[in-house]
Amino acid sequence: MNQTSNSCSNFSTRLETVSVLVHRAIDAIQQKTIKKRNLIWLELTGCSGNIISLLDGANPDFKSIACQLVNFIYDNSLMASEGEAALEKLFSMADGDYILAVEGAVSTKDNGMYNIIGRWKGQPVTAYEAVKKFGEQAGHVITVGTCASDGGISAARPNPAECVGIQNLLNRRVIKLPGCPCHPDWFMGTLAYLMLFNEPELDARQRPLMFYSTLIHDICPRRPYFNQGIFASKPGEKTCMFKLGCRGPVTRVDCPIRKWNDRVNWPIGDDSPCIGCAMFGFPDKMEPFISYDTT
Amino acid sequence: MNDREIFINMIDDNLNEMSDTIDCLYTTSNFRVKNKLLNRLRKSMSNISMLTQGLRNDTSMNNPQPSSDRLFTLDELSRYNGRNGNPAYVAINDIVYDVTGNAAWGGATHFGLTAGTDVTSPFASCHAGQPILSKLKVVGKIT
Ligand code: SF4
């Protein structure tokens with residue numbers, strides 16, 4: 001049930017995409033046909049789950065990205081510097097060339113005072129100010145995870161800090177990688193593609209088609225059960241979880257192929273319904289996450 | 001041209017596109033191009049399945065007539081919430097549709113909406129112009 005079909009060329013090609021892109025970009029850097037780019041990663045109003053997810057990347061892994069693909073200038077969780085010294089690194093990029101990755105939504109209430117990301121020259125710097133300043137000037141902006149892409153959990157009802165997704169504050173195009181968290185492959189593949197070929201093909205909601213083109217339901221290994229009307233009545237059963245409120249039919253992304261934690265498994269493979277974490281409107285519009293006694 | 005002919009023409013267009021895409025797949029070894037072409041094939045397939053469903057149900061898109069004379073008050077509709085043996089019905093523009101087996105209505109809920117209610121206005125704001133209603137079974141009207 002948890003196996004991805006290796007005989008399907010669609011699946012096997014897609015599984016190779018990210019490693020081919022990243023290694024090709026690294027080769028191009030070594031051969032000096034493209035330049036290493038600077039990367040700034042802002043962790044704003046969220047749980048920092050996306051940077052943790054990135055550290056979980058495998059083939060390619062985080063080390064190849066940080067050492068060979070980009071100059072990782074700033075990320076508050078991973079960098080050695082702290083306090084003003086860390087912010088100094090961020091602000092040293094102010095007029096430079098960089099790609100901006102943002103995770104977390106932006107709190108807008110009271111001029112953003114509910115999320116201070118550090119102090120610069122003695123003054124607090126809000127997430128709101130940081131996104132405006134570094135977002136407008138970046139070469140590319142990638143929103144990593146559902147909060148940055150659409151507000152997500154940070155903007156869930158009743159949203160006391162008035163959080164919004166990054167696009168609401170920037171008057172420019174951003175590339176959105178929703179998912180709670182974002183799969184390391186989705187970020188690494190997008191980054192490598194940007195460096196090699198510029199912007200990848202996006203859908204109407206600015207998601208890269210190479211990862212977000214298919215409904216989970218259309219490539220779900222339990223689809224034959226759906227077609228036959230064989231449904232699970234509680235989590236833990238091995239059949240289709242439509243009656244439990246599965247959101248696979250409304251969620252576009254490639255989890256069934258790519259899976260998680262070094263491609264070990266994914267929610268449906270572990271007998272729990274998809275909760276639509278990569279879909280716009282998550283979490284409010286995807287609730288309830290589980291339903292019983294459905295007819 | 002009537003709706004039926006439009007559906008058939010659109011199916012033909014999609015089949016032609018699929019045939020071109022398959023020709024291209026034979027000639028490319030580039031993995032990115034392959035990926036794109038496979039995505040395109042899947043898109044054409046889902047277009048065709050939508051169009052054939054539409055043809056099967058009725059020729060009129062998003063404007064079907066109730067096939068049943070059954071009348072529902074909003075109160076009666078609320079019993080059809082898709083739970084405990086009741087089917088899942090929703091009303092749109094005073095027509096009652098069955099969404100019990102509709103994949104997008106997992107657990108008889110859909111983007112924060114629940115079955116047994118009138119969903120006319122969210123439907124208009126999210127699905128205007130999409131051939132969705134023609135795929136649903138009509139079960140009656142709101143009085
Ligand atoms: S409803 Fe969920 S479990 Fe069932 S086939 Fe679709 S995605 Fe898979």
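Helices here are DSSP runs of H or I with at least four residues, strands are E runs of at least two, and both are numbered from the N terminus. With that in hand, select helix H1 of chain B, residues 3-27, and find Glu17(B) in it.

Before going on, a word on what you're looking at. This is a predicted model, where local features need pLDDT of at least 70, side-chain atom pairs count only at pLDDT 80 or more, and totals for chains, interfaces and linings use all residues. Residues are numbered from 1 along each chain as its sequence is written, chains are lettered from A and ligands numbered from 1 in the order in which they are written, and side-chain values use heavy atoms, without hydrogens and water.

**Stop one: the sheet in chain B**

Now pick out the strands of chain B. Four of them form an open sheet with mixed pairing, in the order S1-S6-S3-S2; two strands pair if DSSP finds at least two bridges between them. At the edges sit S1 (71-72) and S2 (89-92), each pairing on one side only. Strand S6 (residues 137-142) runs parallel to S1(B), joined to it by two bridges.

Which residue of S6(B) is the bridge partner of Leu71(B)? Click on Lys141(B). Its C-alpha is 5.4 Å from that of Val96(B), although Lys141(B) and Val96(B) are 45 residues apart in sequence.

**Stop two: salt bridges**

A salt bridge puts a side-chain nitrogen of Lys or Arg within 4 Å of a carboxyl oxygen of Asp or Glu. The count over all chains is 11.

Start with Asp97(A) and Arg37(A), whose side chains meet at 3.1 Å, N to O. This pair links distant parts of the chain, 60 residues apart: Asp97(A) is in the loop between helix H4 (83-91) and strand S3 (98-103), and Arg37(A) in strand S1 (residues 37-43), in chain A. Buried or partly exposed? Arg37(A) counts as buried at 16% relative accessibility, while Asp97(A) is partly exposed at 39%. (Buried is under 20% relative accessible area, exposed over 50%, partly exposed in between, with a 1.4 Å probe and protein chains only.)

Next, show Glu201(A) and Lys36(B), with closest N and O atoms 3.4 Å apart.

Finish at Asp271(A) and Arg222(A), where the closest N and O atoms are 2.6 Å apart. Both residues are buried. Then select Asp185(A), Asp254(A), Arg258(A) and Arg263(A): salt bridges with shared partners join them into one network.
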